[in-house]
Amino acid sequence: MQKVRPKKALGQHFLTDLSVARRIASTLSEYTDYGVIEVGPGMGVLTQFLLEDGHNLKVAEIDGESIAYLREAYPLLAEQGGIIEGDFLQLDLDKVFPADPHICVIGNYPYNISSQIFFHVLDYKDRVKCCSGMLQREVAERLAAAPGTKARGILSVLLQAWYSVEYLFTESETVFNPPPKVKSGVIKMVRNEVTDLGCDERLFKTVVKTTFGQRRKTIRNSLRGLLPSSATLPDSPLLAMRPEQLTVEQFIELTNIVNQLRQA
């Protein structure tokens, strides 16, 4: 069976260390009753362990050469319609798993679209109960970053509003072919119990994106563009802070302040 050539344009760095693949697959060991979709399986190093664990697995792959390899290497998965030739970012997960109420997402994620993958996961937060995998270490650290840390950003807050995010471990460049120029980190996200943020969810996203888009400014100054020119901001201590300092709960409080001022 001919190996697949890693393609730079697709951000492909194939994981070659089986012990690392086994460790990543085991992050879903308690979710064998859920539908699982693997993003960018490449030559199936992670796929084999997910199948061994008995998951109801589907894989989404955009590379035709990898698709051909997977069909030959995993004929039963192919026969069952488990190999999806397409871009994960364009997939309607409700259609991919019509019968499974809960879904898990896993992968050795392409570095060039990893943030977009997690935004897509957020679109299905009511069904995606767990998401884990490997990505560039700096991005992995950002997803799990606590309030008050420099790594904290837009995705940190948006994901942590709905998920408990844990940074699991770091891997070196040597476990990939070709080796990337950066180290990698493995994270695991588990859906929390939140069903309603207690604020306008769309405005919450806007407030988070706006404040981090001007992160050198205080909250008071960065929010001006979201408010009527006549609005008078209250003397809340939140407004003197910078976005990376705020907890999810404080962003919710901030969103409600903005909403009230808009409706005044």
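The model is predicted, so local features need pLDDT of at least 70 and side-chain atom pairs count only at pLDDT 80 or more, while totals for chains, interfaces and linings use all residues. Residues are numbered from 1 along each chain as its sequence is written, and side-chain values use heavy atoms, leaving out hydrogens and water.

**Cysteines**
- A disulfide here is a pair of cysteine sulfur atoms within 2.5 Å, and the count comes to zero.
- C131 is in no disulfide either, as its nearest cysteine sulfur, that of C130, is 7.1 Å away.
- C130 is buried, with a relative accessible area of 0%, and C131 is buried with a value of 0%. Buried means under 20% relative accessible area, exposed over 50%, and partly exposed in between, using a 1.4 Å probe and protein chains only.

**Two serines**
- S114 is found in helix α6 (residues 114-123); helices are DSSP runs of H or I with at least four residues, strands are runs of E with at least two, and both are numbered from the N terminus.
- S114 is buried at 2% relative accessible area. Leaving aside neighbours within four places in sequence, S114 is in contact (heavy atoms within 4.5 Å) with L135 and V139.
- S19, in helix α1 (residues 18-25), counts as exposed at 51% relative accessibility.
- The C-alpha atoms of S19 and V175 are separated by 9.8 Å, although these residues are 156 apart along the chain.

**Helix α11**
- Helix α11 (residues 248-263) has 16 residues and reaches 23 Å from first C-alpha to last, close to the expected 22 Å. That expected span is 1.5 Å times one less than the number of residues.
- The buried residues of α11 include V248, F251, T255 and V258.
- Among the elements covering the buried residues of α11 are α8 (154-160), α9 (201-213) and α10 (219-222).

**The largest pocket**
- The largest pocket has a volume of about 610 Å³, the space filled by probe spheres set on grid points joined across faces, edges and corners.
- A pocket is an open set of points on a 1 Å grid over the protein atoms alone where a 1.4 Å probe fits, with protein on both sides within 12 Å along at least five of seven lines; lining residues have an atom within 4 Å of a point.
- Of the 35 residues lining the largest pocket, Q12, F14, G40, G42 and E61 are the closest to its centre.
- Strands β1 (14-15), β2 (35-39) and β3 (56-61) each give two or more residues to the lining of the largest pocket.
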